[in-house]
Amino acid sequence: MCKISEISAPVEKRMPIFALGLFIMHKDGRTSFYVGINLKFAAEFDCMDEEFDWQQDDETSELVSRFETFLKSGEGHFFDVEEFEAIIDYYLDIQQTSMTQKAIDWASEQHPGSNSFKIREARLLTQEAKYNQALKILNDLDTLEKGNEEFYLAKGEIYSLMDKHEEAIDAYKKVIETTERPEEIFSNIAYEYESLNDYPNALRYLTKALELHPESEDLIQEIAFFFELTSREEEAVEFFGNFLDRHPYSKFAWFNLGIFYSNLDLFEKAIQSYEFAVAIDDEFASAYFNMANAYTSIQQYRKAISLYEETLKIEKPEAITYCYIGESWENLNDLNKALTYYNRALDLDDKLADAWGGVARIFVRQNMEKTAVKYYEKAIQLAPHQDDLKFELAVLFLRNHNLDKAVPLFEEVVNHNGEYVEAWLNYSLVMALQDKFQEAITILTRALEANPSDAKILYRRAGYLYRAGKVEEAYFDIEQAVKINFDEHQDLLQYLPELLDEPRFVEILDLYKKPNR
């Protein structure tokens, strides 16, 4: 029968990348701050800021005031084409539909030969989601407006809103050679490719835009987002490295370079990148946060704590920061401080599952296991798909021989994540503890389907096969396992020390033992 000491330890707690608008979980399981936003929205916000300033322009305000006085008094006022365009654009930007329509009507009456008002009428219909009507107006102008940038931009926007992204791309491409704002056109095209899930082309056009506008933080962040989305970390490191050679004071480029180094488990290089970012901006809270995560990954928990605390000085405290400080103190075995910070996290956000799980772990270590179960159950209720929490609770049940409660939790974990090796091993142990070796073997056979080259699983299955009297099958697994990882045969010997008395086993070890062992 297996010994309780063979229960696999829970994996080290991982952390989540904090983002503008979203959280992104990296391959290492940690969360870092990530500033990646939809480029089209970013462009629109930039335009809104610019247009807001423009709207406050005295000349525009005077034009709008004159027009509104004209509507009230009915007295004759003449506005030239450019003045009407400015008035209509003002109302379009603040989405005053009725005033936009009145301005278009008067403009068309005073200047019946100007097609620019028809283009603006199409934009108004687009705001009202009357896409087909808007498109009809533009199509009627098609032969007259060759080369008109406003015409093609309006057409591209309508096609985009209609989810006709290929047509939108064609419309935008028609003005690339003539526009004075090619970076905006490239950005629009990139957005359309993103909508088509064509990320390589989206990235290609974003890169074109960045070449023309290298100081754009939004473009840098969006490019980083696409590298992240397509799991092209090595390319991202090369891209941002080359970019920084030309633009060494781009804090967001250093920041994203750090993220990709972290994704590649190159934490020391990640730390150096974040240090450059905070050297450029010593109040860059998200860079301190990510640097703290990197220090945690190399188990420098005190340094991590100091950096997490730095973020608290710069910005409003967040529950997740307190939680991560708690985890760092937990890893330093200062349970009282860990508990203090977990509780601070819960004071700010009582729905933070990681903090509930952290308190549960503290109670386990303080031999308050019944209370720990309640905290784990609360954490799982809040985050039902978080496998680590279920795993930890299952292990707790296993240690207390509450096997019936452990089984469904392990089953949920492995069904959700077939690569969770420790869960498979402990799940099989539940069966072995009851001398149900065939069930344990079946579980590990399932595990090997998802992890065909995992030596731990092979060694463990070999042990159960041996106990079940299937010695030949056991030796087959042993030989496969030692080829993959020789050193882990020690785990098997803890379970079956008598194997050292078998010449066949010793012969296998001698055969695969590397020199100088």
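The legends below describe close-up views of a predicted model. Residues are numbered from 1 along each chain as its sequence is written, and side-chain values use heavy atoms, with hydrogens and water left out. In this predicted model, local features need pLDDT of at least 70 and side-chain atom pairs count only at pLDDT 80 or more, while totals for chains, interfaces and linings use all residues.

**View 1. The largest nonpolar core and the surroundings of F240**

The largest nonpolar core has 152 residues. A nonpolar core is a set of buried Ala, Val, Leu, Ile, Met, Phe, Trp, Tyr and Cys residues joined through side-chain atoms within 4.5 Å. Buried means under 20% relative accessible area, exposed means over 50%, and partly exposed covers the range in between (1.4 Å probe, protein chains only). The residues with the most contacts inside this core are F240, F410, Y464, I478 and L499. Helix α23, residues 421-432, gives the most to the core, with nine residues. Helices (H or I, at least four residues) are DSSP runs, numbered from the N terminus. Residues up to four places away in sequence aside, F240 touches I220, I223, A224, F227, A253, N256, L257 and F260; contact means heavy atoms within 4.5 Å. A second, separate core of 18 residues includes V64, I87, I88 and A103. In soluble globular proteins, nonpolar side chains tend to be buried together.

**View 2. Helices α25 and α26**

The axes of helix α25 (residues 455-467) and helix α26 (residues 471-484) come within 8 Å and cross at roughly 160°. Axes are lines fitted to C-alpha atoms, for helices over the stretch in contact, and angles run from 0 to 180 degrees between N-to-C directions. The two helices, α25 and α26, are therefore roughly antiparallel to each other. Angles under 35 degrees count as roughly parallel, over 145 as roughly antiparallel, 65 to 115 as roughly perpendicular and the rest as oblique. The crossing of α25 past α26 is left-handed, a term for a near helix turned anticlockwise from the far one by less than a right angle. On the α25 side, the contact is made by A455, L458, Y459, R461, A462, L465 and Y466. On the α26 side, V471, E473, A474, D477, I478, Q480, A481, V482 and I484 take part. By class, the residues of this contact between α25 and α26 divide into twelve nonpolar, one polar and three charged. Ala, Val, Leu, Ile, Met, Phe, Trp, Tyr, Cys and Pro count as nonpolar, Asp, Glu, Lys and Arg as charged, and the others, Gly among them, as polar.

**View 3. Helix α4 with helices α3 and α2**

Helix α3 (residues 81-93) and helix α4 (residues 97-110) have axes that come within 8 Å and cross at roughly 165°. That makes α3 roughly antiparallel to α4. Helix α3 passes α4 in a left-handed crossing. F84, I87, I88, Y91 and L92 of α3 meet M99, T100, A103, I104, W106, A107 and Q110 of α4. The contact of α3 with α4 has ten nonpolar, two polar and no charged residues.

The axes of helix α2 (residues 58-73) and α4 come within 12 Å and cross at roughly 85°, making α2 roughly perpendicular to α4. The contact is made by F67, E68, F70 and L71 of α2 and by M99, K102, A103 and W106 of α4. Six nonpolar, no polar and two charged residues make up the contact of α2 with α4.

S98 also lies in helix α4 and is partly exposed, with a relative accessible area of 48%. The C-alpha atoms of S98 and L124, 26 residues apart along the chain, are separated by 9.8 Å.

**View 4. Buried positions A285 and K390**

A285 is found in helix α15, residues 285-297, and is buried at a relative accessible area of 5%. Neighbours within four places in sequence aside, A285 is in contact with T311, I314 and E315. A285 and L307 are 22 residues apart in sequence and 9.2 Å apart in space, C-alpha to C-alpha.

K390, in helix α21 (residues 387-399), is buried with a relative accessible area of 9%. Leaving out residues up to four places away in sequence, K390 touches I380, P384, L409, E412 and V413.

**View 5. Positive phi at D163 and Q299**

Most residues other than glycine have a negative phi. D163 has a positive phi near 65°. D163 sits in the loop between α7 (149-161) and α8 (165-173) and counts as exposed at 58% relative accessibility. Phi of Q299 is positive, near 65°. Q299 is in the loop between α15 and α16 (301-314), and is exposed at 54% relative accessibility.
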